Amino acid sequence: SDNVSFAGYDAATATMLVQFDGGALYAYYGVPLSLWNAFVAAQPHPWSAVGYPELEQGGYPYERLS
């Protein structure tokens, strides 16, 4: 929800992937497991509740992959 069509987390690299309904795929780096768990628990609005304020505004480095 929140226009998120897919989200995943790689604990080995602390990388979180977020794909939006429009197809844009972003990788966020250095994301702690606790933030991923909060994102998953924030249904039905994980992006507005956690993603935007914590990832975007929190200063985690990211890049658009597609």
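Ring pairs tie Phe20, Tyr26, Tyr28, Trp47 and Tyr62 together into a cluster; here the rings of Phe, Tyr and Trp (its six-membered ring) pair if their centres lie within 6.5 Å. This is a predicted model, in which local features need pLDDT of at least 70 and side-chain atom pairs count only at pLDDT 80 or more, while totals for chains, interfaces and linings use all residues. Residues are numbered from 1 along each chain as its sequence is written, and side-chain values use heavy atoms, with hydrogens and water left out.

Searching the whole structure turns up eight aromatic pairs. Take tryptophan 36 and phenylalanine 39: their ring centres sit 6.0 Å apart with planes at 20 degrees, so the pair is stacked (planes under 30 degrees apart; over 60 is edge-to-face and the rest tilted). Both residues lie in helix 1, three residues apart, or about one turn; helices here are DSSP runs (H or I, at least four residues), numbered from the N terminus. Tryptophan 36 counts as buried at 16% relative accessibility, and phenylalanine 39 is buried at 3%, whereas leucine 33, at 47%, is partly exposed (buried is under 20%, exposed over 50%, partly exposed in between, with a 1.4 Å probe and protein chains only).

Now for the packing. Helix 1 and helix 2 (residues 46-56) meet at about 155 degrees, axes 8 Å apart, which means they run roughly antiparallel (an angle over 145 degrees).

How values were computed:
Axes fitted to C-alpha atoms, helices over the stretch in contact; angles between N-to-C directions. Helix = DSSP H or I, 4+ residues; strand = E, 2+ residues; numbered from the N terminus. Parallel < 35°, antiparallel > 145°, perpendicular 65-115°, else oblique.
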